[in-house]
Structures are given as C-alpha cells and as structure tokens.
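Thanks for making time, everyone. I'd like to walk you through one model today, so let's get it up on the screen.

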Amino acid sequence: LEILGSIINGFALPLKEEHKQFLTRALMPLHKPKCVAMYHQQLAYCVTQFVEKDPKLAEPVLLQLLKFWPLTNSQKEVLFLGELEEILELTQPLEFQRVLVPLFKQLARCLTSAHFQVRRQKCCPVCGWAGLDVHACCHMISAGGWGVAEPCVLSQAPLQAEVVSCNSAWMCEAPGYWA
C-alpha cells in the first residue's frame with residue numbers, strides 16, 4: 001500500500017476510469033477486515049490521494065466508508081473517524097451536500113457511542129472538514145443542512161453536554177436558523 005500510494009500520487013489527470021474502479025472495487029473493500037488497523041494508515045493515504053486528485057470521488061468514497069462502518073469495533077471506528085476527517089477536508093461543498101444525510105446519521109450514532117474515544121472525536125465542525133468557511137457553513141445550515149442534521153443528531157438522545165454547547169456555538173450564527 002505504501003508503494004501504491006506513491007503510484008497513485010503520480011497518476012495523470014483526469015483519472016482513468018480503471019483507476020476509479022480500482023479505488024471502489026479493490027481499495028475501499030479493504031476497510032472490511034477486522035485487521036484493518038495493521039494497514040489503515042497506508043490505506044487512508046491511498047484513498048485520500050484519489051480524492052485529492054479528483055474531488056468528485058469524495059461522494060462514492062464517503063458512501064462506501066459509511067457502508068463499511070464498524071458496528072462493534074470501537075478501535076476501528078476511531079480509525080474510520082480519522083479517515084473521515086481527512087476525506088472531508090478534501091470534499092467540495094456539492095459532494096458534501098450529497099452525503100449529508102447518511103453522514104449525519106452515522107455521526108449521530110458516534111455521538112452516543114459507549115466508547116469514550118469514539119464519542120470524543122470532533123463530530124461538530126463537519127462543515128469545517130468539508131473545506132467551508134464559517135459563513136458558508138452557516139449559509140448551508142440555514143439553507144437546509146441543519147434541518148437534515150438536527151433530526152439525526154437529536155434522535156440519538158441523550159446528547160453529551162459538550163456536543164450541545166458545540167452545536168449552539170456554531171449554529172447560533174446561522175442566518176435564519178432561529179427564525
């Protein structure tokens with residue numbers, strides 16, 4: 001995977017269809033095994049190289065990552081949250097909006113995880129991960145983003161006090177949110 005990361009880094013743009021298929025059919029399924037922790041850092045590097053080369057790949061990558069999300073392995077879940085953060089930093093607003101519902105549903109489950117490391121991950125500034133500035137994030141939220149996220153997050157009660165204060169800190173500036 002380390003060598004593959006260097007090869008992916010050298011791919012010419014635009015990416016060939018066979019390279020995109022390799023990402024979705026070969027690399028992304030490598031998230032399934034329980035032993036993914038042994039090679040996760042290299043795998044995440046390869047995946048982020050693809051998204052960096054072609055930001056439109058963020059949507060299928062995020063959807064597959066959510067599809068393979070671990071249900072009972074907290075250590076693996078922490079790894080996935082870290083990779084999710086890396087991918088979201090490269091994600092364009094349009095691709096971010098396309099994965100908003102499944103992303104917030106998963107983050108809501110993470111907020112109520114029994115494992116403290118999963119719960120303590122920074123789930124609130126998702127818009128910041130997507131490369132949006134505060135004003136763009138607030139605009140997206142007021143235009144319907146928080147309307148999508150709020151039921152997902154609030155359905156996972158009881159919320160942690162830190163999450164509520166985090167949400168209120170970045171939600172209160174959203175124009176029209178309190179209207």
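Ground rules, quickly. This is a predicted model, where local features need pLDDT of at least 70 and side-chain atom pairs count only at pLDDT 80 or more, while totals for chains, interfaces and linings use all residues. Numbering runs from 1 along each chain as its sequence is written, and side-chain values use heavy atoms, with hydrogens and water left out.

Okay, the core. By nonpolar core I mean buried Ala, Val, Leu, Ile, Met, Phe, Trp, Tyr and Cys residues joined through side-chain atoms within 4.5 Å. Buried is under 20% relative accessible area, exposed is over 50%, and partly exposed is in between, using a 1.4 Å probe and protein chains only. The largest such core has 34 residues, and Leu23, Phe50 and Leu84 have the most contacts inside it. Two or more residues each come from α2 (17–27), α3 (40–53), α4 (58–67), α5 (74–90) and α7 (100–111). Helices here are DSSP runs of H or I, at least four residues, numbered from the N terminus.

So who does Leu23 touch? Skipping neighbours within four places in sequence, Leu23 contacts Met28, Pro29, Val47, Phe50, Leu57 and Val61; contact means heavy atoms within 4.5 Å.

Now α3. Ten of its 14 residues are buried, so the rest of the structure largely encloses this helix. Among those buried are His40, Gln49 and Lys53. The buried residues of α3 pack against α1 (2–9), α2, α4 and α5. For the geometry check, expected span is 1.5 Å times one less than the number of residues; α3 should span 20 Å, and its end C-alpha atoms are 20 Å apart, which agrees.

Next, Glu77, over in α5. Glu77 is buried yet has no salt bridge, meaning a side-chain nitrogen of Lys or Arg within 4 Å of a carboxyl oxygen of Asp or Glu. The nearest side chain of opposite charge is Arg109, 7.0 Å away. (For charges, Lys and Arg are positive, Asp and Glu negative; His and the chain ends aren't counted.) Beyond four places in sequence, Glu77 touches Trp69, Pro70, Gln106, Cys110 and Val118.

Cys110 sits in α7 and is buried at 0% relative accessible area. Cys110 and Glu77 are 33 residues apart in sequence, but 8.6 Å C-alpha to C-alpha.

Other cysteines: Cys46 is buried at 0%, and Cys35 is partly exposed at 40%. How many disulfides? Requiring cysteine sulfur atoms within 2.5 Å, zero.
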